[in-house]
Amino acid sequence: MNTLPTSFKYKDSKTSRGFNYHYVSIPAQGDKPSLLFIHGFPSTSYDWYHQINYFSSKGYGIIAPDMLGYGQTDKPTDVQVFQHAAIAQDLIDILDTESVGGVFAVGHDWGSGIASILSLKHSSRFLGFAWIAVPYSPPGPFPPVDVMLQAQINGFGRPITGYWTFFEKEVAASIIENNIDSLLSAMYPRDPDEWLTLMNLPGEMQIFVEQGKRTDRALYLTEKHYNHLKESFKEGGMASPMCWYRCMIEGVNSDLATGLSEEDFIIKKPAFFAQALRDRVAIQEYVVPLMQKYAANGLTIEKFNTGHWVHLEEPDNLSVALELWMSNCFSS
C-alpha cells in the first residue's frame with residue numbers, strides 16, 4: 001500500500017481497548033508544540049501530507065493516525081466500538097505512548113467530531129482545537145435520517161445530507177466496494193457544486209455509485225493519492241468505515257451528553273475554524289452559528305474559497321493560517 005509521499009515512517013501501537021493504530025509520529029523540536037491530525041471519510045492519514053510536510057519542516061511535532069476502520073489501523077465491524085468517546089480515548093492513548101505534550105488537535109469531517117469530544121472530555125491535554133470545514137458539535141441523541149432531512153428542509157430550505165439515506169443501508173458497503181471509483185469520484189469532485197445533487201438530495205448518491213458513474217476528479221487529488229485511497233479501500237473493504245455512519249444512526253453516541261449542562265459544552269481552549277465557502281454540506285448557515293455559540297474562549301475563523309477538502313485544495317494557505325493562530329495562542 002502506498003504511504004505518505006515523504007520520508008516519514010509510520011508506527012503501530014495498541015490502545016487500551018486493544019485496537020492497533022497505524023500513525024505518523026514525528027517528535028517536536030525544541031519548544032515547538034505538536035499537532036494531532038484527525039481525518040474523516042473516506043480518507044486516511046495520507047490526506048494530511050501537505051500539513052505534515054509543512055509543520056514537520058518547521059520543527060513541529062506530528063501525530064497523524066489512520067483512524068479506526070481506515071488504512072492500516074484495525075477495521076472492526078461492531079458499531080459499538082465506534083463510540084466517539086472511546087475513539088477519543090484511543091487517541092489519548094497514542095499521545096501517551098508517544099509522550100506527547102503541548103498539542104493542538106486538528107480535525108476534518110468525522111475527525112471534527114472526534115476533536116469535539118477531545119475538547120469536551122480531554123481539554124486539559126490540549127493547547128487548542130482546530131476544526132476544518134466541519135465545525136465543533138456537542139454530542140447528543142441523533143435523529144432518524146428522515147427526521148434530520150426534514151429539519152434541514154425546514155431550516156435551510158433544502159436537504160443537506162441526503163446521502164445518508166444510502167450510507168445508512170447495510171448494503172452500502174458492498175455496493176461501494178464494487179464501485180470504489182464512483183464513490184471517490186463523488187467525494188472528491190473537481191466542481192464542489194456536484195454535491196448539490198450527489199450529497200444533498202436523497203437517493204442520488206446511491207444511484208450514482210450503483211451505476212458506476214464518474215465526475216471529473218478534483219485536480220488537487222493527485223494520481224498517487226487517488227491510487228492510495230483506492231488501494232486502501234479495496235484491501236480493507238468498506239464495512240468498517242461505514243460504521244462511522246451506522247454508529248450515529250443506531251444511537252451508539254446518544255448517551256455522551258447525559259448529565260452534562262450547556263455550560264459543559266463550551267470549548268475551553270482557543271478555537272480555530274477553517275470555513276469552506278463552497279462546501280455544500282457544511283454550509284455557512286449551519287457551521288458559523290455553531291462555532292460562535294460554543295467557542296467562548298477565543299475563536300478565529302478563516303474563510304477559504306474551497307469545497308469540503310480545504311487542507312487539500314488550499315494546503316499552503318491553511319497551514320500558514322494554522323501556524324499564525326497557534327502563535328497567537330501563545331502570545332495572547
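# Briefing: sheet, helix packing and cores

Gln-275 stands opposite Lys-303, a residue of strand E8. The model is predicted, so local features require pLDDT of at least 70 and side-chain atom pairs count only at pLDDT 80 or more, whereas totals for chains, interfaces and linings use all residues. Residues are numbered from 1 along each chain as its sequence is written, and side-chain values rest on heavy atoms, with hydrogens and water left out. Helices (H or I, at least four residues) and strands (E, at least two) are DSSP runs numbered from the N terminus.

**Sheet**

- Eight strands make up an open sheet of mixed pairing, in the order E1-E2-E4-E3-E5-E6-E7-E8; two strands pair if DSSP finds at least two bridges between them.
- Strands E1 (10-14) and E8 (299-304) are at the edges with a single partner strand each, so one side of each has no neighbour in the sheet.
- From one strand to the next, the twist averages 20°.
- Strand E7 (residues 271-276) pairs with E8 in the parallel sense over six bridges.
- E3 and E4 also pair in the parallel sense, over three bridges, and Leu-35 stands opposite Ile-62 in E4.

**Strand E3**

- Five of the five residues of E3 are buried, where buried means under 20% relative accessible area, exposed over 50% and partly exposed in between (1.4 Å probe, protein chains only).
- In a regular strand, side chains alternate between the two faces of the sheet.
- Ser-34, Leu-36 and Ile-38 point one way from E3, and Leu-35 and Phe-37 point the other way.

**Helices H2 and H3**

- Helix H2 (residues 84-97) packs against helix H3 (residues 110-121) at an angle of about 80°, with the axes 9 Å apart; axes are lines fitted to C-alpha atoms, for helices over the stretch in contact, and angles run from 0 to 180 degrees between N-to-C directions.
- H2 and H3 are therefore roughly perpendicular to each other, as angles of 65 to 115 degrees are classed, while those under 35 count as roughly parallel, over 145 as roughly antiparallel and the rest as oblique.
- In this contact (heavy atoms within 4.5 Å), His-84, Ala-85, Ile-87, Ala-88, Leu-91 and Ile-92 of H2 meet Trp-110, Ile-114, Ile-117, Leu-118 and Lys-121 of H3.
- H2 lies across E1, E2 (20-26), E3 (34-38), E4 (61-65), E5 (103-108) and E6 (126-132), and runs at about 50° to E2.
- H3 packs on the sheet and touches E3, E5 and E6, with its direction at about 155° to that of E6.
- Ser-119, located in H3, is buried at a relative accessible area of 1% and, neighbours within four places in sequence aside, contacts Phe-129, Trp-131, Tyr-136 and Ile-267.

**Nonpolar cores**

- A nonpolar core is a set of buried Ala, Val, Leu, Ile, Met, Phe, Trp, Tyr and Cys residues joined through side-chain atoms within 4.5 Å.
- The largest core has 92 residues, of which Phe-41, Leu-118 and Phe-167 touch the most other members.
- H2 contributes the largest share of this core, seven residues.
- A separate core of 28 residues includes Tyr-10, Phe-304, Val-310 and Trp-325.

**Backbone exceptions**

- Most residues other than glycine have a negative phi, and most peptide bonds are trans.
- Phe-41 and Pro-42 are joined by a cis peptide bond, with omega about -10°; Pro-42 is in the loop between E3 and helix H1 (49-57).
- Ser-99, in the loop between H2 and E5, has a positive phi of about 55° and is exposed at 67% relative accessibility.
- Asp-109, in the loop between E5 and H3, has a positive phi of about 60° and is buried, with a relative accessible area of 14%.
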